Amino acid sequence: MKKKTGLTVIIVIVALLLLVVGGTMATYNGLVQKEENVDSALADLDVMLQRRADLIPNLINTVKGYVEHENEVIDAITTAREALVGADSVADKAAANEALTGALGNLMVVVENYPDLKSSDNFIALQDELAGTENRIAVARRDYNDAVKTINAAVKKFPGKLIADMFGFESREYFEADEAANTVPEVSF
């Protein structure tokens with residue numbers, strides 16, 4: 001009788017250990033997958049931001065051919081573009097993106113004074129590319145923030161918090177727009 005009780009206790013302990021180890025592995029693997037989703041979404045967002053940055057030199061060259069006294073606006077766009085390309089952290093990318101959006105908004109105001117520029121085929125094509133890229137950035141930013149929301153919830157909830165703390169998983173930062181940016185910039189000419 002004692003052997004059966006001892007064997008039952010051992011089976012129960014082994015079963016509990018297997019449950020704990022299995023649960024830990026499943027939670028760990030889930031956190032790894034969520035972290036990979038965040039990294040993938042950030043890479044997609046980076047591609048869209050780079051696409052936008054790559055359009056800027058063509059836009060500037062097109063505008064330079066028409067505007068003669070608007071160097072301040074062009075310099076602001078160039079500076080904002082360089083900041084975006086050189087940004088490392090998510091917060092720096094978000095801030096640089098907002099600065100570039102503001103500089104492009106100022107350019108749109110200037111363009112209104114140059115009807116020949118507004119009707120240029122090259123400028124119209126660039127405007128269409130930029131508008132499409134702005135939409136892609138918005139989608140990529142939303143996807144990234146959704147992935148961040150998922151990993152942040154997972155590392156804060158029990159039992160994920162225990163596993164996250166044990167293995168060094170951390171909350172990630174959102175790609176947030178500047179609080180002053182309540183409206184989408186108008187990119188039509």
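**Entry 1: aromatic rings**

I find that Tyr-28, Phe-167 and Phe-169 form one aromatic cluster. The model is predicted. I searched the whole structure for aromatic pairs and got two. In one of them, the ring centres of Tyr-28 and Phe-167 lie 4.8 Å apart with planes at 65°, so I class the pair as edge-to-face. Tyr-28 sits in helix H1 and Phe-167 in helix H6, so I note a link between distant parts of the chain, 139 residues apart.

I then looked at Tyr-28 with Phe-169: the centres are 5.5 Å apart and the planes are at 70°, so this pair is edge-to-face. Phe-169 belongs to the segment after H6, and the pair ties H1 to a part 141 residues away in sequence.

Phe-167 is partly exposed at 44%, and Phe-169 is buried at 9%.

**Entry 2: nonpolar core**

I looked up the largest nonpolar core, which has 46 residues. Ile-77, Leu-104 and Tyr-144 touch the most other members. Helices H1, H2, H3, H5 and H6 each supply at least two residues, and H1 gives the most, with 13.

I took Leu-104 and left aside its neighbours within four places in sequence; its contacts are Arg-52, Ile-56, Leu-59, Ile-77, Leu-130 and Glu-134.

**Entry 3: surface**

I noted a nonpolar patch on the surface made of Val-9, Ile-13 and Leu-17, with about 270 Å² of accessible area together. Leu-17 lies in helix H1. Its relative accessibility is 52%, so I count Leu-17 as exposed.

Key
Residues are numbered from 1 along each chain as its sequence is written. This is a predicted model: local features need pLDDT of at least 70, side-chain atom pairs count only at pLDDT 80 or more; totals for chains, interfaces and linings use all residues. Side-chain values use heavy atoms; hydrogens and water are left out. A nonpolar core is a set of buried Ala, Val, Leu, Ile, Met, Phe, Trp, Tyr and Cys residues joined through side-chain atoms within 4.5 Å. Buried means under 20% relative accessible area, exposed over 50%, partly exposed in between (1.4 Å probe, protein chains only). Helices (H or I, at least four residues) and strands (E, at least two) are DSSP runs, numbered from the N terminus. Contact means heavy atoms within 4.5 Å. Patches are made of residues with over 30% relative accessible area and no salt bridge: like charges are joined within 9 Å, nonpolar side chains (Val, Leu, Ile, Met, Phe, Trp, Tyr) within 5 Å. Accessible areas come from the Shrake-Rupley method with a 1.4 Å probe; for residues, only the protein chains shown count as cover. A salt bridge is a side-chain nitrogen of Lys or Arg within 4 Å of a carboxyl oxygen of Asp or Glu. Rings of Phe, Tyr and Trp (its six-membered ring) pair if their centres lie within 6.5 Å; planes under 30 degrees apart count as stacked, over 60 as edge-to-face and the rest as tilted.
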